[in-house]
Amino acid sequence: MSGRLLKKVLQEHEESKLQKHHEEEEEDEEEEEESGARSSINPFDLLNDGDEDPEEIEVDDETIVEKKNDEDADHQSRVADHVQQPVSKNKSKKKKKKKNKESVSTKAEITLDETLEVLGLSANSKQDKVQETKANADSSKKASSRFVLEVDPKYLNLENELRRMYGSKAMRSFESESGSQGGGSSRQVRGGRRGVHHITKTVLISPKENWSRWDRSFSMEFLETKDGNNYFRYTHSSSYEQAQRAFQAAQAIHDLNGVASVLIHHPYHIESLITMADYFKFVGEHDMAADSIGKCLYGLERAWHPMFTPFQGNCRLEFTHETNKLFFKTLFTHMRNMDRRGCHRSALEVCKFLLSLDMSDPVGALFCVDYFALRAEEYAWLEQFSEEYRNDNSLWLFPNFSYSLAIARVYLEKMDSSSSSEATHVDTSKSSSLDLMTQALKLHPTVLKKLVDKVPLKDQAWAKILKHSYFRSDESKIPSLDHLINIYVERNYLIWRLPDVQKLLRSAADLVIESLEQNRTEAESWLCVRKEAFSAENNQYSHLSTHDFSDSMPTLPPDNLQNFVADPRMVGGEQMAEGGGGGQQQAPPRPRDVANRNPFAVLFESILPWANFGDEDDEIARDGHHQPDNNG
């Protein structure tokens with residue numbers, strides 16, 4: 001009996017649905033006739049028409065399930081209630097539909113402004129779009145410059161590049177020879193305490209086993225996040241500050257022995273290590289100088305903050321913080337050491353690293369990055385860098401980039417002519433190497449005379465070219481530009497010894513002379529470009545020393561070596577000589593006593609030319625009245 005009841009209920013439910021559907025159609029037709037052809041209905045409302053029927057069906061199904069569980073005694077009344085329920089629903093639904101249709105036009109009017117705003121058609125939408133476009137352009141510029149300055153850590157290791165250049169076998173034999181020569185002394189210095197500590201591997205430098213344990217005397221702290229970049233600075237501990245005071249006391253009296261004594265107790269005091277590196281460089285001990293710089297980098301990297309991920313191009317160490325300046329100086333010196341050993345790809349990565357740390361380029365890495373890119377044969381990267389790197393002036397205005405981009409184009413064209421590979425295909429929409437070199441000579445004509453003297457270029461054709469009035473002078477009368485040209489010639493003159501580059505330069509010089517003969521006003525136009533790009537009042541690059549970009553190794557007279565320790569901010573051979581030679585002549589230091597001294601300190605002091613340990617007579621004379629050495 002319950003089965004028949006269920007079937008009857010379902011049949012009545014289907015009939016009620018059909019009746020309801022017919023009534024709705026008739027009602028819609030009547031309303032359309034009364035209201036006429038109204039077309040103001042929002043078409044997006046049609047998407048909601050089917051939303052109510054599933055709910056109604058769901059409610060009806062629930063009602064059916066409820067009826068299935070009722071007792072048979074009450075089935076008559078419940079069936080009657082169920083038959084009446086759709087009718088009442090239909091009535092309420094008709095009223096609801098009329099209400100909805102009356103409010104359609106009102107809703108359309110209310111939401112018109114909102115719709116226009118969503119579609120971007122409001123009155124202020126154009127201005128908002130312009131501002132959004134500018135913001136997107138700025139962010140894309142930052143992203144592109146960050147991408148072009150990303151550092152590849154595998155190229156930072158100098159030993160890896162030496163293996164690529166000379167082979168692993170040659171490097172192993174070199175390391176075994178150097179280990180047999182210097183390894184014994186290091187073990188003796190450590191007093192046979194082999195394996196007392198583990199040297200942590202780092203990225204910037206390969207530490208040696210005989211280096212001291214990292215003393216954690218300084219660290220790095222996180223400052224803030226701004227424009228997607230994380231800002232940091234180095235901080236010093238109290239022990240490091242104590243070592244700094246001892247270093248400054250030794251510096252005040254030009255006592256290199258005092259500096260060495262600081263390193264005995266504080267092996268990772270950066271300024272003391274840099275001072276010793278400068279001394280070793282001046283006396284010709286370049287390997288020991290590089291070893292001291294390596295210790296600086298090892299300590300500085302061990303102090304990095306966990307969030308400091310500099311090889312992604314999003315970490316900043318502002319040069320304005322006093323504690324950060326030594327990191328820039330150490331990296332720049334390390335880059336020069338790599339260049340001296342012929343590891344130009346590694347030097348290029350360090351140069352990119354310097355540029356990414358502070359976009360203001362406080363050490364002038366921008367004026368040697370083109371040289372390392374050319375020496376490392378990264379011609380395509382150099383072009384990409386010149387297009388994407390952000391700077392106040394366009395990079396091609398600088399003398400180093402105007403000439404280096406032309407040289408890079410020469411070799412890209414050469415690669416394209418010798419290979420059909422897509423990877424080396426040169427974009428024909430860009431200017432040719434001859435056009436770029438011609439433009440460089442017109443913009444910076446004084447470079448030519450300096451190159452002829454520095455390279456040197458001894459062909460008679462160059463003497464004829466230099467007789468032209470446009471190339472006769474070697475000064476532009478603009479201090480900042482002349483300084484940059486001196487840096488460029490000192491840094492890049494070796495590249496101009498290549499025959500292909502000389503041929504290009506000569507062809508471009510002939511074209512410039514021919515062009516100037518045809519158009520006399522062209523020289524004045526290029527002069528206006530130079531004056532507009534570079535300040536004629538002061539030298540804004542005066543903080544950059546030409547000596548820092550030179551391959552020559554400065555030396556000091558033996559008489560000045562004793563007064564070597566000077567202001568660490570003074571760099572360069574002439575400046576060092578002036579800083580060390582000033583002041584009154586000091587008396588020779590008294591003989592030092594070696595009794596009860598640290599053997600490593602005595603060994604280190606013995607290599608210094610001014611260290612005086614006395615002779616045999618002095619030693620006999622001091623036997624009776626020995627006085628302890630204050631520096632011990």
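The structure is a predicted model. The protein chain has 27 helices and 3 strands. It is 632 residues in length, and 41% of these count as buried. Among contacts in the chain with a separation of 6 or more, 72% are between residues 24 or more positions apart.

Helix packing was examined around helix α11. Two packed helices are described by the angle between their axes and the distance between the axes. Helix α11 covers residues 270-282, and helix α12 covers residues 286-302. Their axes come within 7 Å and cross at roughly 165 degrees. Angles over 145 degrees count as roughly antiparallel, so α11 and α12 are roughly antiparallel to each other. The crossing of the two helices is left-handed. On the α11 side, the contact is made by Ile-270, Leu-273, Ile-274, Met-276, Ala-277, Phe-280 and Lys-281. On the α12 side, the residues are His-286, Met-288, Ala-289, Ser-292, Ile-293, Lys-295, Cys-296 and Leu-300. By class, the residues of this contact divide into 11 nonpolar, 2 polar and 2 charged.

Helix α11 also meets helix α13, which covers residues 325-340. Here the axes come within 11 Å and cross at roughly 30 degrees. Angles under 35 degrees count as roughly parallel, so α11 is roughly parallel to α13. The crossing of α11 with α13 is left-handed. Helix α11 contributes Ile-270, Glu-271 and Ile-274 to the contact. Helix α13 contributes Leu-326, Lys-329 and Thr-330. The contact of α11 with α13 has 3 nonpolar, 1 polar and 2 charged residues. Ile-270 and Ile-274 of α11 take part in the contact with α12 and also in the contact with α13.

Ala-289 is placed in helix α12. Its relative accessibility is 8%, so Ala-289 counts as buried. The cut-off for buried is under 20%. Leaving out residues up to four places away in sequence, Ala-289 touches Ala-277, Phe-280 and Lys-281. Ala-289 and His-334 are 45 residues apart in sequence. Their C-alpha atoms are 9.9 Å apart in space.

A charged residue can be buried too, as Glu-383 shows. Glu-383 lies in helix α16, which covers residues 379-388. Its relative accessibility is 10%, and therefore Glu-383 counts as buried. Beyond its neighbours up to four places away in sequence, Glu-383 touches Leu-405, Arg-409, Leu-412 and Lys-430.

Lys-454 gives another setting for a charged residue. Lys-454 is in helix α19, which covers residues 446-454. At 31% relative accessibility, Lys-454 counts as partly exposed. Neighbours within four places in sequence set aside, Lys-454 is in contact with Val-489, Glu-490, Tyr-493 and Arg-497. Lys-454 and Val-489 are 35 residues apart along the chain, and 7.5 Å separates their C-alpha atoms. The side chains of Lys-454 and Glu-490 are joined by a polar contact of 3.5 Å.

Most residues other than glycine have a negative phi, and most peptide bonds are trans. The peptide bond from Val-455 to Pro-456 is cis, with omega near -10 degrees. Pro-456 lies in the loop between α19 and α20, the latter covering residues 460-466.

Two further residues have a positive phi without being glycine. Arg-216 has a phi of about 55 degrees, which is positive although Arg-216 is not a glycine. Arg-216 lies in the loop between α8 (168-189) and β1 (218-226). At 61% relative accessibility, Arg-216 counts as exposed. Asp-227 likewise has a positive phi of about 55 degrees although it is not a glycine. Asp-227 lies in the loop between β1 and β2 (229-236). At 53% relative accessibility, Asp-227 counts as exposed. The cut-off for exposed is over 50%.

Methods: Residues are numbered from 1 along each chain as its sequence is written. This is a predicted model: local features need pLDDT of at least 70, side-chain atom pairs count only at pLDDT 80 or more; totals for chains, interfaces and linings use all residues. Side-chain values use heavy atoms; hydrogens and water are left out. Helices (H or I, at least four residues) and strands (E, at least two) are DSSP runs, numbered from the N terminus. Buried means under 20% relative accessible area, exposed over 50%, partly exposed in between (1.4 Å probe, protein chains only). Contact means heavy atoms within 4.5 Å. A polar contact is a pair of N or O atoms within 3.5 Å; within protein, one must be able to donate a hydrogen and the other to accept it, and residues adjacent in sequence count only if both atoms are side-chain atoms. Axes are lines fitted to C-alpha atoms, for helices over the stretch in contact, and angles run from 0 to 180 degrees between N-to-C directions. Angles under 35 degrees count as roughly parallel, over 145 as roughly antiparallel, 65 to 115 as roughly perpendicular and the rest as oblique. A crossing is left-handed if the near helix is turned anticlockwise from the far one by less than a right angle, and right-handed if clockwise.
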